[in-house]
Amino acid sequence: MPRTSQRSAAVPEQLGFAGMPERLFVCTPSKLGAYADCPRRYRYTYVDRPSPQKGPPWAHNSLGASVHTALKNWYALPAARRSTDALPTLLKATWVREGYRDVDQERIAYRKALEWLETYVAGLDPQEEPLGVERVVATKTGVLAFNGRADRIDSRAGEAVIVDYKTGRSGLDADDARGSQALALYAYAAQRVFRRPCRRVELHHLPSGTVAAHQHTEESLARQIGRAEDTARDIMAAEKAVAAGADPDAEFPANPGTLCGWCDFRRTCPAGAEVQGKEPWSAVEHLERAG
Ligand code: SF4
């Protein structure tokens, strides 16, 4: 299992090595999340070079990317043109086709995506300019050099609010928003980038039209940063050990579980090879049943 090292507060510090500062761990939320889910998957993605070949593209990733890009481009329109009428053209222009079983399934997914977008956009104020749309925010702690692209950062009552779009099957609740390390890291970085408080994080689930929200405190943000730093220290220790000749399989152990069926490296990983893999379109099949 990954090491669990001593937790630090989210205050800048440098790990001393004979007077030399330790290099910061450069990361995104997905990099930290990959290691937390499965250290072996992290190794295949970020350490092994050349990286092992991935499986085929996933339809649910195509669907998610298409919806995200359409919303980004909707906000790029002049406010007067931000209406639901603009959506079919926007969605079509950047629709990602990969991973679907066939054209019929892809058409159903497109129709659903358009429905979700029309309902969602009808609830937005076109005159409201977010602080950022697909905005990269970056910051440093004593351990991390973090950067990540937030779907949207709103300005509300003088505060920044992190908005993350979700297009998966299941709805999300406040615990998901509270427990999301990615959202907390975005909030932590956004308050430094925009020099204003950023405590509220929101998951906007387009298929159900629901919003799951959490209001962080300085302490809860610091706890999440501390956990991210712990993960970063574990990764750096494993990478150093491998560079010094340790067994990479031992330093980046497999963590087999339900995620294996969805893992891009299932064919490379001995633990994953024992698991029945999902079809690239498995996570969008329910859309056909929904009609
Ligand atoms: S198949 Fe499973 S155990 Fe192997 S790398 Fe992927 S998630 Fe980890």
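How many of the 13 residues of helix 7 are buried? In this predicted model, the number is 10 of the 13, so helix 7 is largely enclosed by the rest of the structure. The buried residues of helix 7 are Gln-181, Leu-183, Ala-184, Leu-185, Tyr-186, Ala-187, Tyr-188, Ala-189, Ala-190 and Gln-191. The length of the helix was also examined. Helix 7 comprises residues 181-193, and at 1.5 Å a residue it should span 18 Å. The C-alpha atoms at its ends are 18 Å apart, which agrees with this expectation. Just after helix 7, Arg-195 adopts a positive phi of about 50°.

With residues up to four places away in sequence left aside, Ala-213 touches Ala-174, Ala-177, Arg-200, Val-201 and Glu-202. One of these contacts, Glu-202, lies 11 residues from Ala-213 along the chain.

The surroundings of the ligand were considered next. The ligand is surrounded by Cys-38, Arg-40, Arg-41, Ala-254, Asn-255, Pro-256, Cys-260, Cys-263, Cys-269 and Gly-272. Sorted by class, this shell contains 6 nonpolar, 2 polar and 2 charged residues. Cysteine counts as nonpolar in this scheme, and Cys-38, Cys-260, Cys-263 and Cys-269 are among the residues of the shell.

Terms used. Residues numbered from 1 in each chain as written. Predicted model: local features only at pLDDT ≥ 70, side-chain atom pairs only at ≥ 80, totals over all residues. Heavy atoms only, no water. Contact = heavy atoms within 4.5 Å. Near = heavy atom within 4 Å. Helix = DSSP H or I, 4+ residues; strand = E, 2+ residues; numbered from the N terminus. Expected span 1.5 Å × (residues − 1). Buried < 20%, exposed > 50% of the residue type's maximum accessible area, 1.4 Å probe, protein only.
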